[in-house]
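Here is a short briefing on one protein model. Look over the sequence and the 3D view first, then work through the points.

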Amino acid sequence: MSEPDPGEEPELSLVIPVYNEEGILAESLGSLCERLDAEGLRYEVVVAENGSRDRTVEIGERIAAERPQVRLLRYPEPNYGGALREGIYRARGRFVICEEIDLCDVGFHLRALEILRSDEADVVIGSKAMRGAADTRPLPRRVATRVYNAMLRVTLGFSGTDTHGLKALRREAVLPVVARCVVEHDVFASELVIRAERSGLRVREIPVTIEEKRAPSIELRRRVPRVLRNLARLMVSIHLSSPVGSDHPDERPH
Ligand SMILES: Nc1nc2c(ncn2[C@@H]2O[C@H](COP(=O)(O)OP(=O)(O)O)[C@@H](O)[C@H]2O)c(=O)[nH]1
Ligand SMILES: [Mg+2]
């Protein structure tokens, strides 16, 4: 990863997993940084890339060289969850926002920061499915979000409406939870939220408006089998090794 600026620590780290994003990387990062600069935030952007087969790395390296706030992290395996987790570990800010390069919703960053700064929550989820949210994605993906989160509620006792996508974290509170996560790929994001909730962290959802800059790189039907496999692993891990109420850091096996 490119060396961090040894100067002042950022208050906010944005972690953005990216994979084959040559089409929108430069424009998205450029306008994101300009908007964050205009808000006067002390921030860094950790771009967590792995195994892209297009010009993503070349473009990411150029932007990291041009903008001191941008760091490029290269995770060794093709793995969204692994890259996101590594980005959270390497983030230096007190607050960490998990972003997606096709969203970059500064409105969410500002609302979530206000909640974290005033110590009203440890985790703020940008929900696509709660009352007040606006989701402009195609119908199958909206339905998939609802079905998936209903499965998390039924099988894992999740109490919210969304786990994948935008979230803001108080880094210190969440690091022990990240360390206990066992699944990879897409389901890691859900595991993080569910384990945070089960360990007693204050999780709050706020509605977001979702307007993707492009269709997702992986087709929905190709994603489903892997998501189901990882969900099964997560259910086994949570129900067998930590019955409800015992995900608290003090109660886990050492
Ligand atoms: N590092 C990494 N990032 C990924 C991978 N797959 C998707 N991403 C990134 O994750 C974010 C969301 O991906 P997207 O294709 O829009 O899927 P969506 O979350 O269902 O909308 C984008 O920033 C992608 O570049 C992957 O395998 N590795
Ligand atoms: Mg997307």
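In which loop is Asn20 found? Asn20 sits in the loop between strand 1 and helix 1 (25-38). Helices (H or I, at least four residues) and strands (E, at least two) are DSSP runs, numbered from the N terminus.

This is a predicted model, in which local features need pLDDT of at least 70, side-chain atom pairs count only at pLDDT 80 or more, and totals for chains, interfaces and linings use all residues. Residues are numbered from 1 along each chain as its sequence is written, chains are lettered from A and ligands numbered from 1 in the order in which they are written, and side-chain values use heavy atoms, with hydrogens and water left out.

- Asp102 is buried, at 3% relative accessible area.
- Glu212 is partly exposed, at 23%.
- Buried means under 20% relative accessible area, exposed over 50%, and partly exposed in between (1.4 Å probe, protein chains only).
- Asp102 and Ala215 are 113 residues apart in sequence, yet their C-alpha atoms are 8.7 Å apart in space.

- An oxygen atom of ligand 1 is 2.7 Å from an N or O atom in the side chain of Arg141.
- An oxygen atom of ligand 1 lies 3.0 Å from a polar side-chain atom of Glu100.
- A polar backbone atom of Val18 is 3.2 Å from a nitrogen atom of ligand 1.
- Taken alone, ligand 1 exposes 560 Å², and the protein buries 93% of that.
- These areas come from the Shrake-Rupley method with a 1.4 Å probe.

**Positive phi angles**

- Asn20 is not a glycine, yet its phi is positive, at about 45 degrees.
- Asn20 is partly exposed, at 24% relative accessibility.
- Asp119 also is a residue other than glycine with a positive phi, near 60 degrees.
- Asp119 is placed in the loop between helix 4 and strand 5 (123-127).
- Asp119 counts as partly exposed, at 44% relative accessibility.

- Is Thr163 buried or exposed? Thr163 counts as buried, because its relative accessibility is 1%.
- Thr163 lies in the loop between helix 5 (139-156) and strand 7 (167-170).
- Thr163 and Glu100 are 63 residues apart in sequence, and 13 Å apart in space from C-alpha to C-alpha.
- Val147 has its place in helix 5.
- Val147 is partly exposed, at 45% relative accessibility.
- Val147 and Val45 are 102 residues apart along the chain, with 32 Å between their C-alpha atoms.

Technical notes:
Polar contact = N/O pair within 3.5 Å; in protein donor to acceptor, adjacent residues only side chain to side chain.
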